Amino acid sequence: MIDMFPKCYSLTNIDLSSFNIKNVTNMGVVFGVCYSLEYIDLSLFNTENVTSMGLMFQNCSNLTNLDLSSFNTENVVNMSGMFQECSNLTDLDLSSFNTKNVVNMGCMFQNCANLTNLDLSSFNTKNVSEATYIFDECPELKEIILNKNSCEEIKNEINDEIVKIKYI
């Protein structure tokens, strides 16, 4: 499924309700650079076998919200750039994400210019070895909630002079 809808500049919404993706392992750049995309219903996506979600929504700059509550991320190892340049995302609920196997979160939220807070307290980051630029160019990001066991790679990327860090 990698690169399935890349650079669909005029696509504003898409109906994926009939897609059977049960055996898909790589969802990299699936919606990458879909500038005009405003809405995606992913509620029926079966992501249980997916190992890579890298750059999945990269540069979907018209998306303001994403409901990913149905995503099964327990086998994902790569989330690098997943929301990179989603500059109009204002809210992102990732509380259902299981990140125990994720190794790469580099640039995950880079240039999400309108995100104001992120609750990553449910994230298990013990296996993360790459988190460079995870929060880079997020000027409105004022608070990040982490769990006490968050890895140093993520903590080191937070400018605590600008962003308030809260530990749970």
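Here are a few exercises on the structure above, each with a worked solution.

Before you start, note that this is a predicted model, where local features need pLDDT of at least 70, side-chain atom pairs count only at pLDDT 80 or more, and totals for chains, interfaces and linings use all residues. Residues are numbered from 1 along each chain as its sequence is written, and side-chain values use heavy atoms, with hydrogens and water left out.

**Exercise 1: a serine in a loop**

Task: work out where serine 52 lies, whether serine 52 is buried or exposed, and what its side chain reaches.

Step 1. Find the place. Serine 52 is in the loop that runs between strand E2 (39–40) and strand E3 (117–120). Strands (E, at least two residues) and helices (H or I, at least four) are DSSP runs, numbered from the N terminus.

Step 2. Check the accessibility. The scale is this: buried is under 20% relative accessible area, exposed is over 50%, and partly exposed is in between (1.4 Å probe, protein chains only). Serine 52 has 13% relative accessibility, so it counts as buried.

Step 3. Look for polar contacts. A polar contact is a pair of N or O atoms within 3.5 Å; within protein, one must be able to donate a hydrogen and the other to accept it, and residues adjacent in sequence count only if both atoms are side-chain atoms. The serine 52 side chain reaches the backbone nitrogen of glycine 54 at 3.5 Å, and it is joined to the side chain of asparagine 78 by a polar contact of 3.4 Å.

Step 4. With contact taken as heavy atoms within 4.5 Å, and neighbours within four places in sequence left aside, serine 52 is in contact with Thr25, Asn26, Met27, Gly28 and Asn78.

**Exercise 2: a glutamine and its partner**

Task: which side chain makes a polar contact with the side chain of glutamine 58?

Step 1. Locate glutamine 58: this residue is also in the loop between E2 and E3. Its relative accessible area is 18%, so glutamine 58 is buried.

Step 2. Name the partner. The side chain of glutamine 84 makes the polar contact, at 3.5 Å.

Step 3. Beyond four places in sequence, the contacts of glutamine 58 include Phe31, Val33 and Met82.

**Exercise 3: the nonpolar core**

Task: how many residues does the largest nonpolar core have, and which have the most contacts inside it?

Step 1. Set the rule. A nonpolar core is a set of buried Ala, Val, Leu, Ile, Met, Phe, Trp, Tyr and Cys residues joined through side-chain atoms within 4.5 Å.

Step 2. The largest core has 52 residues, and Phe31, Phe57, Phe83 and Phe109 have the most contacts inside it. E3 and strand E4 (143–146) each supply at least two residues of this core.

Step 3. Zoom in on one of them. Leaving out neighbours within four places in sequence, phenylalanine 31 has contacts that include Phe5, Ile14, Leu37, Phe57 and Gln58.

Step 4. In soluble globular proteins, nonpolar side chains tend to be buried together.

**Exercise 4: salt bridges**

Task: how many salt bridges are there, and where do lysine 164 and glutamate 143 lie?

Step 1. A salt bridge is a side-chain nitrogen of Lys or Arg within 4 Å of a carboxyl oxygen of Asp or Glu. The count is two.

Step 2. Lysine 164 pairs with glutamate 143, with the closest N and O atoms 3.9 Å apart. Lysine 164 is in strand E5 and glutamate 143 in strand E4, so this pair ties together parts 21 residues apart in sequence. At 52% relative accessibility, lysine 164 counts as exposed, while glutamate 143, at 22%, counts as partly exposed.

Step 3. Lysine 155 and glutamate 152 also meet in a salt bridge, at 3.6 Å from N to O. These two are three residues apart in helix H1 (residues 152–155), so about one helical turn separates them.
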